[in-house]
Amino acid sequence: MAAAPTSASTSRRGQGLRVTLALVLIAVLLGYGGCEVYRRLAPPSSPPVVTVAGLIGSEKQSFFDDPDVVAALARNGLAVTVSPAGSREIATRDLAPYGFVFPSSSPAAERIQRDRGVVTAYAPFSSPMAVATFPDIATALAGAGAVRPGADGRQVVDVRVLLDLARQGTRWDRLPGNTAYPARKTVLLNTTDPAYSNSAAMYLALASFVANGDAVPDAAAATRVLPDMCRLFADQGYRPRTTAVLFNDYLTTGRGVAPMALVYEAEFEQARRVPTSGLTDQNVLLYPAPTVYSRHTLVPLTPDGDRLGRLLDTDPELAELAARHGFRPTRPGPAAAAFPPGPNAAEVVDVPSYETLEQMLAAVERGCR
Amino acid sequence: MRRALLVVVAGLLLAACGTATGPPPLTLRVLAGSELADMAPVLDEAAEATGVRLELQYTGTLEGADTVAAGRADGTTDALWFSSNRYLETIPAARDRVDTATRIMGSPVVLGVRAERARELGWDRAPVTWSQVAEAASTGRFAFGMTDPSSSNSGFSALVAVAAALDGSGRVLDPAAVDRVTGPLAAFFAGQRLTSGSSGWLTDAYVRRATGGDGGPPLDGVVTYEASILELNRSGRLPEPLTLVVPSDGVVSAEYPLTLLRSASPEARAGLARLTEHLRRPEVQQRIVETTARRAGVPGVAPPPEAARTTLVELPFPTDKATLDALLTTYLDRVRRPARTVYVLDVSGSMQGTRIDGLRTALIGLTGSDPSLTNQFRRFRSREDVVFVPFSDAPGAPEPFSVDPADPQPSRDAIATRVRALAAGGNTAVYGSLEAAYRYLDQAAAADPDRLTTVVLLSDGESNRGPRLPEFRAFLAGRPPSTRGVPVFPILFGEAARGEMEQLAAATGGRTFAASDPQALDAVFREIRGYQ
């Protein structure tokens with residue numbers, strides 16, 4: 001620390017005054033510049049950081065909140081702040097405050113790209129749609145053939161049987177042999193609100209494929225299958241706006257609210273890796289047959305947003321961290337190899353075009369009445 | 001020593017560097033359900049930890065949705081915190097104004113049945129369905145209290161659950177289904193003997209009746225939040241504990257989503273995110289469960305130890321306003337026990353001018369002239385008897401009006417015509433006029449006993465004619481059982497004798513409402529509708 005001033009020829013009183021003045025001076029100097037000096041000396045040096053804000057699908061919130069992700073981005077000069085929103089809702093929002101948007105699927109990204117005239121997009125990771133359920137619920141569904149062995153022997157949820165059950169308005173308590181969950185409500189997969197959320201749109205994508213005789217529907221087919229699609233959504237009643245809320249309901253309230261919930265595989269995989277997530281051996285994940293991959297797609301709106309997109313797409317460390325949150329990296333590498341086998345390739349289908357999907361979503365949103 | 005001082009000064013300044021980076025304290029304005037008052041200790045601790053304080057402004061779920069839909073919340077409010085956003089989400093203008101909603105906690109709407117009656121009915125042992133409850137209610141074996149579904153979310157949730165369960169199709173309700181279940185719903189609500197504008201007053205009234213206080217004979221139970229029932233049992237105020245009964249065919253639960261408004265500032269947005277993150281921490285969730293008897297909003301935190309252990313099957317909640325409006329109208333106009341609503345109105349000289357104008361406006365507002373979102377549920381209902389007892393030097397003769405279920409609007413128009421003719425002059429005979437109202441009710445109850453009967457008293461000054469409060473109390477003690485339990489709801493207005501009005505409310509099992517000025521009478525008269 002600073003040395004005390006010395007003088008041989010001053011009185012004790014004068015000396016005291018001078019010392020006080022010096023202390024005040026040092027204090028003032030510290031006040032002005034001290035913090036800056038302290039900041040420069042204290043942490044290891046890093047490049048200047050720019051802040052970029054984004055509107056994202058809620059299922060990626062925990063990825064961006066992860067301190068290791070925050071640190072990895074900071075090392076690359078980025079501080080990212082995110083707000084969660086339903087992936088379809090993003091397209092309708094005022095995007096002026098944001099440097100990027102990061103919806104959960106390619107059709108949602110495509111819509112924003114068209115609306116805003118953006119040509120670039122990055123799809124660094126994807127996640128198949130999956131059904132979070134419970135062992136006894138799976139057993140009850142198996143009694144009606146709605147859960148059966150898939151192409152590779154693993155159990156799958158048969159979407160065709162779900163469509164039939166919905167058509168007949170079959171209640172849980174009428175499923176043959178079901179004593180575990182005798183609820184007097186229609187057997188339906190729990191989804192989010194299709195008006196807001198991408199995961200509900202993905203359900204529409206895979207269910208319309210089945211209702212259309214195992215073919216991706218075009219505009220005419222979309223109109224034809226609409227009554228079936230409406231049943232799947234309308235009779236659920238109130239649905240949450242985001243998949244994060246639905247998955248939270250599934251984990252918190254359980255089978256009473258969401259006996260089987262359509263979620264991103266990533267949400268379940270991430271919960272599996274966090275000891276405090278609430279996930280137990282009473283939670284099981286099945287793939288629907290067929291299923292679709294939701295490709296999380298970043299659309300940059302500013303140069304900084306573009307930097308983030310490029311970084312997520314190419315940085316192996318960030319790919320590793322995304323995998324920790326359950327997202328399957330698009331590029332091959334150790335992070336991608338560490339995943340358990342996904343849905344059987346024979347049971348993965350394509351998503352309808354953006355226009356066809358929007359056409360069905362708009363009708364379902366109108367309430368189908 | 002000086003060197004040491006310098007070290008201390010420098011240390012303090014560097015410590016200041018650290019805290020300078022923390023976010024500044026922030027107060028967020030929140031429209032909230034009144035039952036959240038019990039969160040005060042948790043929210044105080046949260047404000048301490050996060051610097052974010054919530055200023056809760058209490059209002060009903062429907063009124064809140066109305067405020068948001070009309071854009072009146074934008075700029076004056078940062079967030080919403082009601083027991084549920086489900087009604088709000090059916091109104092496009094409201095749903096477009098809200099942003100992220102994060103569930104903080106939950107509580108299902110279930111039955112609390114006094115232990116002995118639960119044993120008699122066998123409800124303490126085997127699963128019970130809403131149909132079985134309806135059967136007991138319609139045969140006089142289960143008399144219960146429930147909040148008004150158009151005023152309070154617990155009653156609204158119960159109404160949806162009962163209707164969905166009695167429909168039994170397993171599908172979400174639609175207007176045709178509502179029409180189909182009208183008969184079974186009427187059987188269920190034949191057992192409702194007490195209504196309330198808030199879940200807090202409902203449990204208070206239940207306790208008063210259970211302990212032999214005034215406000216009517218004891219009830220067999222309440223339909224309300226599981227948390228309210230557990231808190232009642234914990235409070236030690238009940239002579240007989242309530243047995244929790246969770247209908248096996250399903251419930252509707254409150255989920256308390258803390259909801260950001262889109263119009264909120266970036267600071268408010270960040271502040272609410274900080275607070276939400278804090279409230280969802282396991283240790284804070286644990287504290288919420290212990291303090292409020294609600295269930296946690298995150299996985300892995302155990303429910304209150306006395307909470308129901310069975311699976312809570314959540315019934316599908318309608319997503320269109322037409323169905324919910326049909327359900328509320330069916331309840332109010334066709335299904336619930338009809339009301340007998342008495343207004344004892346001071347028209348003495350001091351009421352002249354803005355005061356009597358305010359009174360007229362408030363009453364005319366209940367005659368169906370205002371088509372706004374919530375007012376359609378506040379108007380005088382089909383089958384309702386409305387009785388005016390205007391008074392000054394002496395009570396006027398009671399003037400009864402009946403709202404004709406076959407053609408209700410002309411009846412309401414007749415009420416409006418009478419109200420417009422109210423004129424002020426003379427002295428203030430409060431208690432003599434109340435006695436006149438009760439004497440009228442003795443006769444009316446003898447002729448037609450099956451009504452939910454209440455008295456509203458509006459006076460702007462102290463009684464200066466006729467009997468006094470002690471004499472009125474003696475009069476009250478001499479009433480027959482049919483009218484002794486009729487509650488009086490005094491409005492604190494003008495120079496009304498506040499202390500006496502509180503005593504009057506307590507003596508009759510009512511409660512007071514405050515109207516700060518003549519313009520406030522409108523909102524107060526609408527609020528009281530939940531208790532009538």
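How many bridges join strand E6 (residues 144–146) of chain B to E8(B), and in which direction do the two strands run? Three bridges join them, and the strands run parallel. Helices and strands here are DSSP runs, numbered from the N terminus; a helix (H or I) has at least four residues and a strand (E) at least two. Two strands pair if DSSP finds at least two bridges between them.

The model is predicted: local features need pLDDT of at least 70, side-chain atom pairs count only at pLDDT 80 or more, and totals for chains, interfaces and linings use all residues. Residues are numbered from 1 along each chain as its sequence is written, while chains are lettered from A and ligands numbered from 1 in the order in which they are written.

Chain B contains 21 helices and 18 strands. Its C-alpha atoms fill a box of roughly 90 × 60 × 45 Å along the principal axes. The radius of gyration, taken over C-alpha atoms, is compared with a globule rule of 2.2 Å times the number of residues to the power 0.38. For 532 residues, a compact globule would have a value near 24 Å; chain B has 25 Å, which agrees. A residue is buried if 20 or more other C-beta atoms lie within 10 Å of its own, exposed if 12 or fewer, and partly exposed in between, with C-beta atoms placed from the backbone. By this count, 54% of the 532 residues of chain B are buried. Two residues are in contact if their C-beta atoms, placed from the backbone, lie within 7 Å. Of the contacts in chain B with a separation of 6 or more, 78% are between residues 24 or more positions apart.

Strand E8 (residues 221–225) of chain B is mostly covered, with five of its five residues buried. Besides the parallel bridges to E6(B), E8(B) has five bridges to strand E5 (residues 105–114) of chain B, and this pair runs antiparallel. Individual partners can be named. B:Gly112 is bridged to B:Val222 in E8(B). B:Met146 stands opposite B:Val223 in E8(B).

B:Thr147 lies in the loop between E6 and H7 of chain B. This residue is buried, with 32 other C-beta atoms within 10 Å. Beyond neighbours within four places in sequence, the contacts of B:Thr147 include B:Ser152, B:Gly155, B:Ser196, B:Ser198 and B:Leu202. B:Thr147 and B:Asp214 are 67 residues apart in sequence, and their C-alpha atoms are 19 Å apart in space.

Strands of a sheet pair through backbone hydrogen bonds, either parallel or antiparallel. One open sheet of chain B has five strands in the order E2-E1-E3-E11-E4, with mixed pairing. Strand E2 (52–58) and strand E4 (98–103) of chain B stand at its edges; each has a single partner strand, so one side of each is left without a neighbour in the sheet. Neighbouring strands of this sheet are turned by 30 degrees against each other on average, direction ignored. Four bridges join E4(B) to strand E11 (residues 257–261) of chain B, and the two run antiparallel. B:Ala101 has B:Thr259 as its bridge partner in E11(B).

Another open sheet of chain B has six strands in the order E15-E14-E13-E16-E17-E18, also with mixed pairing. Its edge strands are strand E15 (399–402) and strand E18 (513–514) of chain B, and each pairs on one side only. Strand E13 (residues 339–346) and strand E14 (residues 385–391) of chain B run parallel and are joined by seven bridges. B:Thr341 is bridged to B:Val386 in E14(B).

Helix packing comes next. Axes are lines fitted to C-alpha atoms, for helices over the stretch in contact, and angles run from 0 to 180 degrees between N-to-C directions. Helix H6 (residues 130–138) and helix H7 (residues 153–167) of chain B pack at about 105 degrees, with their axes 9 Å apart. That makes H6(B) roughly perpendicular to H7(B) (angles under 35 degrees count as roughly parallel, over 145 as roughly antiparallel, 65 to 115 as roughly perpendicular and the rest as oblique). B:Trp130, B:Ser131 and B:Ala134 of H6(B) make the contact with B:Ala161, B:Val162, B:Ala165 and B:Leu166 of H7(B).

Chain A has 15 helices and ten strands. Buried residues make up 49% of its 369 residues.
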